[in-house]
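Me: I have a structure to go through and I am new to it. Can we take it piece by piece?

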Amino acid sequence: MSTSSTTGTTGAVLGSSHSYSSSSSSSSSPSSSTVNNKNNNNNNNNNNNNNNNSNNNNNINNNYNNNNYNNNYNNNNNNNNNNINNFNTDNSNLQKIWRPIWVPDHQEECCLNCQSQFNTLLRRHHCRGCGNLFCNNCTSKRQSLPQLHYNKPVRICNRCSDLTTYSKLAQSNEIKNKIEAAKGFCNLSTDSLARKMIIRGFLTPLSSLFYNGNSIVYKHLTRAIANLSECDISRIDILEANFLNLLVNYLLDSFKNQYNNNNNNNNNNKNNSSNVDQNNFENKSRDNFSNNSNKNVNNNNNNNKNNKNINLNENKEKEEGKEVEGEEEDYNDQQLIIHDEDFESFLNVCICFQYLSCEENIVVKTELADKCLPILIKMSRSYNIQIKNSSSIVLLNLTKNPLSRDQVVQGGGLQSFIAIALQDDVFLQETSSQALSILAFHQKYQRKVVECGALPPLVLMLNSSSEKVLLHTTATLSFLAENIENQVAIIKVGGINPLKNIITDKNDHCIQIAINAAITLSLLSTNKKLLPQLAQQDLVELLTKIVIVNYNNPSYELLLLAVKILGNLSFEKEVKNLIRKNQSMMNILRIMVHSTNRIQSLVSIIFNNCETGQQC
């Protein structure tokens, strides 16, 4: 008896055609004669539906048992493939299978989990899942790892055991198991070692949670992906595992469902209101007809019919116009409506986009810029500050990416940055000013930035207390001042005085901020039409003071810019008189004219204009 049972078990492992019957569900393997007798009885009872099994067709039995063999050895991988292939026909999100390298025994002196020191009694044990060293208590669990070709239960650590359990729960169709798996992955994603393990071998079961889930599953799932995306090294793996596509599709589907639900509610309300209006109209028309029935019947009837037709046409046109306007407003409002149950999921998705958009990858352009740019722009104008911050950073990262920069500008991202710049939040102002500086750096966007109305917010941000805001704002204005048309616009919005104040308070800020402000004034001074507006007494006095204090330091960048501005302004009579009256300035100019440094040619222009000019 022991020999037959052993033989049956061996046949089950090797996939023998005589080990299992196609209709048998028991774990033990009956003999071949018993199988044939049972099959013959079943054939008589079931109207000859199983003739192939009773005749022992080896080809069919071999195929069936081979499928059992594959299912026994590759259970997890087959479940992953089946769940994902239901939605995606390609296998682009499947991970490569490889075993981890074991940590050498001499490299670790204590358990990686409980920190117990190894000795003669407390021995080292390798986890087959991660390859790290643990004590016996921390590797007491045994599970099979089919993704690593460990088809029998092997020694694994507690962390790998939890990951394996959650990966199996993620493949289940029951929502309770999916919720537990999502919560488990979310908790483990906060651990640095567990993050490496998830990236290394558990991204496929994690991606399967996107299908047939609910709001609780998506909340924890998106939080787990956000934690994984926080690490720079993991972002490439996440992009290659097609997670960005899954996140984008989840966001698009959520907004489409909300939009459709609101449209259905609005259509029902409109239908009810239209029915009430039609009933009221019919009642009024009947009353009018009864009151006028004693008068010229034929004429009055014709007139009433014409009036009714005219009124009906007018009412239909008004109602159609209202319906068109209402649909546009509802769509715009729907983009900003986020329900409480979906708020955390949307916020986590924005955080994921925030991290993943830092990569200059073609996937980022195709998924974020091409598919959900309008939604990101709407979310950047949301009333919730957290979603607004995250979505604005995503737009900033897309602006930094040369592959998606044009789409951001064409899709309305520039107007969104201008609207963000008007907010009182310093973080939003830093984001918008940085994005505007990136766009203003490229000549093809310089004019469009001004035409969209960016100058008034930029001038207001010159009064900010944040150095980052001032640095990006002054850099933006210095880039925009390269365009002649923009120079006139900067003067019209009153940009001279804030720039002058920044140079005056140069000691309170980073020196680069003052240099950017001076560069802007220097470019404005090259336009002869703007010289009368720039020829202000306090500005000339400020520039002469910079020259007097720093004339011994020709490498000082602010000195060079001050001399350039004074050289352009010295063609104005008022400026000539102001410089000539300042004897200290004239003496320094005489000294600097005979110097051999790089500003000698610029100083000579000022000196010649003031020395040879006539005082008015």
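**A buried tyrosine and onward**

Reply: Tyr211 is buried, with a relative accessible area of 11%. Buried means under 20% relative accessible area, exposed over 50%, and partly exposed in between, with a 1.4 Å probe and protein chains only. This is a predicted model, where local features need pLDDT of at least 70 and side-chain atom pairs count only at pLDDT 80 or more, while totals for chains, interfaces and linings use all residues. Residues are numbered from 1 along each chain as its sequence is written, and side-chain values use heavy atoms, with hydrogens and water left out.

Me: Where does Tyr211 lie?

Reply: Tyr211 is in the loop between α9 (203-207) and α10 (215-229). Helices (H or I, at least four residues) and strands (E, at least two) are DSSP runs, numbered from the N terminus. Tyr211 and Asn173 are 38 residues apart in sequence and 9.4 Å apart in space, C-alpha to C-alpha.

Me: Back up a bit. How many helices and strands does the protein have?

Reply: There are 32 helices and four strands. Of the 616 residues, 45% count as buried. Among contacts with a separation of 6 or more, 66% come from residues 24 or more positions apart. Contact means heavy atoms within 4.5 Å.

Me: Now Leu247. Is it buried or exposed?

Reply: Leu247 counts as buried, at 0% relative accessibility. Leu247 belongs to helix α12 (residues 243-291).

Me: And which residues is Leu247 in contact with?

Reply: Leaving aside neighbours within four places in sequence, Leu247 is in contact with Phe210, Thr222, Ile225, Val349, Cys352, Phe353 and Leu356. For Thr222, the separation from Leu247 is 25 residues in sequence and 8.1 Å in space, C-alpha to C-alpha.

Me: Next, α19 and α20. At what angle do they cross?

Reply: The axes of helix α19 (residues 413-421) and helix α20 (residues 426-441) cross at roughly 140° and come within 8 Å. Axes are lines fitted to C-alpha atoms, for helices over the stretch in contact, and angles run from 0 to 180 degrees between N-to-C directions. α19 and α20 are therefore oblique to each other. Angles under 35 degrees count as roughly parallel, over 145 as roughly antiparallel, 65 to 115 as roughly perpendicular and the rest as oblique.

Me: Which residues make the contact?

Reply: From α19, Leu414, Phe417, Ile418, Ile420 and Ala421 take part, and from α20, Leu428, Gln429, Ser432, Ala435, Leu436 and Leu439. These divide into nine nonpolar, two polar and no charged. Ala, Val, Leu, Ile, Met, Phe, Trp, Tyr, Cys and Pro count as nonpolar, Asp, Glu, Lys and Arg as charged, and the others, Gly among them, as polar.

Me: How many residues of α19 are buried, and what covers them?

Reply: Seven of the nine residues of α19 are buried. The cover includes α16 (373-380), α17 (385-400), α18 (405-410), α20, α21 (443-451) and α22 (455-461).

Me: Changing topic to strands. In which sense do β3 and β4 pair?

Reply: Strand β3 (residues 141-145) and strand β4 (residues 150-156) pair in the antiparallel sense over four bridges. Two strands pair if DSSP finds at least two bridges between them. Arg142 stands opposite Arg155 in β4, and Gln143 stands opposite Val154.

Me: What about the hairpin between them?

Reply: The hairpin of β3 and β4 has four residues between the strands, and His149 takes a positive phi near 65° there.
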